[in-house]
Amino acid sequence: MSRIGNNPIPVPKGVQVTITPEMRVSVKGPKGLLEVDTRRRVSVLMKEDKIHVARPDDSRSSRAYHGLYQRLLVNMVHGVSEGFSKELEIQGVGYRATAEGKGLTLLLGFSHPIHFPAPEGIVLSAPEPTRIVVAGYDKELVGQVAADIRALRKPEPYKGKGIRYKGEHVRRKVGKAGA
C-alpha cells in the first residue's frame, strides 16, 4: 500500500475543488487556478472537504501514479491558498539584481545587463541587490524560473562567484599551485 497516496488532502477554506467526469481536477483559490488531468489509473474523490486518491489495482504503474497524483494535488492546494517561493543569492564583485516592472535586470559580469521578464503567475523581487525572491502559486513554474535565473551565471568552483540557491553549498576547488 502506498503510504503517500492514501493520505487524504485537506481542503482549506476559500479553496474550491472541481472534479469533472473526464478526471480533470481543477483547484481554485485566492492566489489563482491550477488544473491537472489525472490518468485512468487513479480515481479522485471529494469527501467532507478532503480529497482522496485511489487506485484500481496494485500494478507497478498504478502504484507510481497513485503517489504522484496525490503529491501533485497537495502542491496545487497549497499553491492556490498560500503560494510558493524560492530565494537566490548572488555572490561576486559587481554582481547585482534590481527589480524593474515585472522582471529583473541582472548585472553578472558580462558586458551588458541581462533583462529577465517574469512569466505569467510569477512575481520576481530583489529586496537586496544580492538577493532574488521568486514567488508564485505553481510550484513547478517557481522552481523552473529559479533554475533559469541560476543558469544565467552558475556558481563557479574556484572563487564561488555566481547565482546560487539560498543555503546551497558550492564545493570549492584549489586553484593553480604557483611556484
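The model is predicted, so local features need pLDDT of at least 70 and side-chain atom pairs count only at pLDDT 80 or more, whereas totals for chains, interfaces and linings use all residues. Residues are numbered from 1 along each chain as its sequence is written, and side-chain values use heavy atoms, with hydrogens and water left out.

Most residues other than glycine have a negative phi. M23 counts as buried, at 13% relative accessibility; here buried means under 20% relative accessible area, exposed means over 50%, and partly exposed lies in between, with a 1.4 Å probe and protein chains only.

Next, select D49, in the loop between β5 (43-47) and β6 (50-54). D49 also is not a glycine and has a positive phi, of about 60 degrees.

**Salt bridges**

Now display the charged side chains. A salt bridge is a side-chain nitrogen of Lys or Arg within 4 Å of a carboxyl oxygen of Asp or Glu. By this rule the model has seven salt bridges.

Select D37 and R24, whose side chains form one of them, with an N to O distance of 2.5 Å. D37 belongs to strand β4 (residues 33-37) and R24 to strand β3 (residues 24-28), so this pair ties together parts that are 13 residues apart in sequence. D37 is partly exposed at 46% relative accessibility, and R24 is partly exposed at 31%.

Move on to E87 and R131, which meet in a salt bridge at 3.1 Å, N to O. Because E87 lies in strand β7 (residues 84-91) and R131 in strand β12 (residues 131-136), the pair ties together parts that are 44 residues apart in sequence. E87 is partly exposed, at 27% relative accessibility, and R131 is partly exposed, at 25%.

K166 is exposed, with a relative accessible area of 54%. Finally, include E128: a network of salt bridges links E87, E128, R131 and K166.

Is strand β9 largely enclosed or open? Select residues 103-107: four of the five residues of β9 are buried, so the strand is largely enclosed by the rest of the structure.

Colour strand β8 (residues 96-100) as well. β8 and β9 run antiparallel and are joined by five bridges; two strands pair if DSSP finds at least two bridges between them. A97 stands opposite L106 in β9. The two strands form a hairpin with two residues between them, and G101 in the turn has a positive phi of about 65 degrees.

β9 and β10 form a hairpin with six residues between them, and in its turn G109 has a positive phi of about 85 degrees.

Select Q70, which is placed in helix α1. Q70 is buried, with a relative accessible area of 1%. Leaving aside neighbours within four places in sequence, Q70 is in contact (heavy atoms within 4.5 Å) with I4, G5, N7, I9 and V53.
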